[in-house]
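Have the structure open beside you as you read.

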Amino acid sequence: MKEIILLTVSGTDKPGVTSAISAILAQYNISILDIGQAVIHNTLSLGILVEVPAAAESSGVLRDLLFKAHELQMTVRFEPVDESAYESWVGVQGKSRHIITLLARRITAGHIAKVTEIAARHDLNIDNISRLSGRVSLNAPPGAGDRTKACVEFSVRGVPADNAALREEFLKTASDLDVDIAFQEDNIYRRNRRLVVFDMDSTLIEAEVIDELAKEAGVGDQVIAITEAAMRGELDFDESFRRRVALLKGLDASVLQRIAENLPLTEGVEELVSNLRALGFKTAILSGGFNYFGRYLQQKLGFDYVYANELDIVDGKVTGEVKGDIVNGQRKAELLREIAAREGVRLEQTIAVGDGANDLPMLSIAGLGIAFRAKPLVRQSAKQAISTLGLDGILYLIGFRDRDTLMADKKD
């Protein structure tokens with residue numbers, strides 16, 4: 001008869017606890033069936049599921065463990081586990097798992113309570129909870145909270161009966177609580193992304209370049225109105241784009257450089273792109289804007305590819321037309337497929353990020369489609385959305401901790 005025991009060791013964390021406990025188990029030739037450890041604010045919780053061989057007597061093991069725990073000033077608990085219960089637990093391995101990622105400037109108990117309550121109602125059982133963000137000082141200077149980042153990841157087991165209803169609940173809760181909640185299948189592709197493509201205007205930069213050009217041309221209000229309608233999906237992109245570009249006719253081309261040099265980068269873009277490049281990801285700009293500005297960002301940040309529209313300029317003046325085909329929503333999706341094929345990457349390994357209705361085609365085919373600070377229609381239609389943090393919040397969605405990144409404070 002096999003004897004299975006769950007050991008739980010807890011107390012103030014110190015070096016050597018796991019070593020001391022496992023050394024005693026080794027003396028009795030005990031098999032480790034499962035093991036897990038967590039440390040929260042210097043408090044250790046160590047769980048070990050063991051099988052005591054028939055040749056060993058559990059009383060001797062338990063006695064030695066009690067003495068060692070006392071010596072280490074730790075508490076140890078023993079719980080017998082029925083063999084049939086253990087086999088049932090073994091039988092659920094390989095079942096569907098998902099990752100719930102909660103992102104905010106600062107996470108509260110109310111945020112955790114609501115997210116976990118929704119998960120429980122949809123029959124999702126939490127296996128593990130991890131903090132991906134770094135520690136935040138209580139003595140941060142005034143205004144620092146506007147740039148803080150907090151992220152908690154929940155690994156859950158189970159299959160929701162109504163996936164669409166679950167996502168709708170998470171989306172509404174995120175809006176109500178001013179947080180972001182991502183729900184992804186935990187599969188091999190999530191851990192092996194290789195290509196990330198971005199929209200440019202209002203995604204990589206906090207501006208719509210065509211609007212800035214229009215202000216210089218004295219037609220700002222007209223162009224901005226058309227831009228907003230197009231981004232809401234109320235106008236055909238090609239038609240709206242040609243109408244806006246036509247209004248730029250006669251603009252002096254010298255203003256392009258000045259606008260490019262003053263483009264406001266989106267929060268977190270430099271941290272995100274530098275880390276992606278260092279980790280071997282390929283990156284691309286797929287923009288309905290203009291190549292001039294895409295190439296400027298490519299040189300500044302190091303993108304591998306840039307595809308955008310070519311503004312026609314003759315004798316130093318904008319003609320009001322574009323060269324070649326317009327990079328619209330469908331073209332962005334085609335480009336994503338083409339770059340993925342060129343790089344030998346499956347679509348499941350790709351990430352697409354954008355904010356407008358013309359980004360939805362590429363967001364829908366990417367393995368991870370992220371609506372970033374997007375319009376309501378786009379947020380509702382995309383697989384995931386980030387609205388509260390900067391672009392570097394994307395690193396959390398692919399499982400990176402702050403301590404893993406190159407430009408982060410190395411405190412864990």
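A residue is called buried when its relative accessible area is under 20%. Keep that cut-off in mind as you explore this model, which is predicted. Phe290 has a relative accessibility of 1%, so it counts as buried. Phe241, at 2%, falls under the cut-off too and is therefore buried.

Now look at how these two residues meet. Their ring centres are 5.7 Å apart and the ring planes make an angle of 40 degrees, so the pair is described as tilted. Phe241 belongs to helix 8 (residues 237–246), while Phe290 is part of strand 10 (residues 282–290), so their pairing ties together parts that lie 49 residues apart in sequence. Phe237 joins in as well: ring pairs link Phe237, Phe241 and Phe290 into a cluster.

Next, find Tyr292 and Phe293. Their ring centres are 5.3 Å apart with planes at 70 degrees, so this pair is edge-to-face. Phe293 is buried, with 0% relative accessibility, whereas Tyr292 is partly exposed at 33%. In the whole structure, a search finds five aromatic pairs.

What surrounds Phe290? Beyond its neighbours within four places in sequence, Phe290 is in contact with several residues, including Met200, Leu213, Phe241 and Val322. Zooming out, the largest nonpolar core has 55 residues, and Phe290 is among those with the most contacts inside it, along with Phe198, Leu213, Phe293 and Val353. Apart from that core lies another one of 22 residues, with Ile21, Leu44, Val61 and Leu72 among them. In soluble globular proteins, nonpolar side chains tend to be buried together.

Conventions. Residues numbered from 1 in each chain as written. Predicted model: local features only at pLDDT ≥ 70, side-chain atom pairs only at ≥ 80, totals over all residues. Heavy atoms only, no water. Phe/Tyr/Trp six-rings, centres within 6.5 Å; stacked < 30°, edge-to-face > 60°. Helix = DSSP H or I, 4+ residues; strand = E, 2+ residues; numbered from the N terminus. Buried < 20%, exposed > 50% of the residue type's maximum accessible area, 1.4 Å probe, protein only. Core = buried A, V, L, I, M, F, W, Y, C linked by side-chain atoms within 4.5 Å. Contact = heavy atoms within 4.5 Å.
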